[in-house]
Amino acid sequence: MQVVLIAPFLMRFRLCANTFGGEVGRALREAVAEAVPGFSPQAEGPDSPLLFDYHMSTGGSRLSGKRTVGTVEVEGAGLLWCRFEPSGYCYVMQTVEVPDKGEMHRRERELVERVNPHIARWTEGVSERMLATGRVDPVDGAEMDPGRLLWWHRVLMDPPHGQEPGATRVYGVERKIHDDAHLRFGDGFTTLVRLPRHRINEVLEGVMAATSEWIAVDEANRLVSARMLRLNDTRWDRVADVDRQFTASLKLSKDLALREMVRLEESRYTVNAGAVVVDAAMERWAMERERGVLEVQLQSLRDILDFHRNMTQYRRDERRNRLLFVFTAIALFQSVLVWYDFAHESNNTLGPAARLTVVSTIAVLTVVVVVSSLAVRRRE
């Protein structure tokens, strides 16, 4: 039984909204060449610029930069196919021949033991070089653990009777690819039936695209939840703290929007069998519901920040009005003292009657201004 093992792993950086374009892709290619010994890159692109049937997202590459794809020989594990992406979501893949499911799982455990130390070194080396460029952001800390294989997704090609796992046979989502070829997508497994070998790469691209989308949505939910928890530690009586939280949440929304733009752009170029796999994965993993939960969380985060921002502004205005009242009262007291001194001062060219008339007129005018101001405010 032929099985393709695909495992994602994460870098310590993420694509940010402040950097766009191919510079990120070029920096990633250089970082991988330096940090991964023995890496042999594979050229991605058509043999001729006139080959219009070559489906690749040029818009997504302009937004995020091109991925780096190639092979590397790992001692004890054999030849591994690797894909490094500017988003920080990376993959290793290997095709194995196994007699049954038991041998497949044994091979998986063996690969994890032999490959994980290399993954950790690659992650540290590539991440350090990419972060030094300033074109990406460090991870926030709420993401899944970087630098190790997260899980295996197994693509089984025409498994013999009795060897197909229940994840696809019983609980999987079945889709027709073409003619009599079809697939069943389940958690951790994809079963291909009567699919021509030259279409396998399309299926593998679809599995990785669906996995990347699942990781992106799950990571976004983690980041938004962590951001909401941090709001409990914020001193809302300080404008600087509120502005800092508001700015951080705004950047998070911008980064998530950029990732969504890249995903939508690249999804248009996931065609044929790959698109069928993505569609089956979205149904099996209930991704539409997860995206809805993410949108609700983002809106809740915005509402909370807007509420606290308004409350902080209200308290600041209240303190300002209180200070104005105090200063106004002080000025009024001083005016009363001046009036009193003017009315009773004997060393003055005006007589007592004239001084009393002046003071009375000023007092009446002051009362009229205050009363009229209060009346206007009450009508409003």
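I started with the surface: the chain's accessible area comes to about 21,000 Å², with 56% of it on carbon and sulfur atoms (Shrake-Rupley method, 1.4 Å probe).

Before going on, I noted that this is a predicted model, where local features need pLDDT of at least 70, side-chain atom pairs count only at pLDDT 80 or more, and totals for chains, interfaces and linings use all residues. Residues are numbered from 1 along each chain as its sequence is written, and side-chain values use heavy atoms, leaving out hydrogens and water.

Next I checked confidence. Mean pLDDT (the predictor's confidence in each residue, from 0 to 100) is 81 for the chain, and 83% of residues reach 70 or more. Helices here are DSSP runs of H or I with at least four residues, and strands are E runs of at least two, numbered from the N terminus.

Then I traced the sheet. I found an open one of nine strands, ordered β3-β4-β5-β6-β1-β8-β11-β10-β9, with mixed pairing (two strands pair if DSSP finds at least two bridges between them). β3 (40-41) and β9 (173-178) each have a single partner strand, so one side of each lacks a neighbour in the sheet.

I zoomed in on β8 (residues 153-157) and β11 (residues 189-193): they run parallel, joined by four bridges. Arg-154 has Phe-189 in β11 as its bridge partner.

Last, I looked at what packs on the sheet. Helix α3 (residues 101-133) does, touching β1, β4, β5, β6, β8 and β11 (contact means heavy atoms within 4.5 Å).

Definitions and conventions. Axes fitted to C-alpha atoms, helices over the stretch in contact; angles between N-to-C directions.
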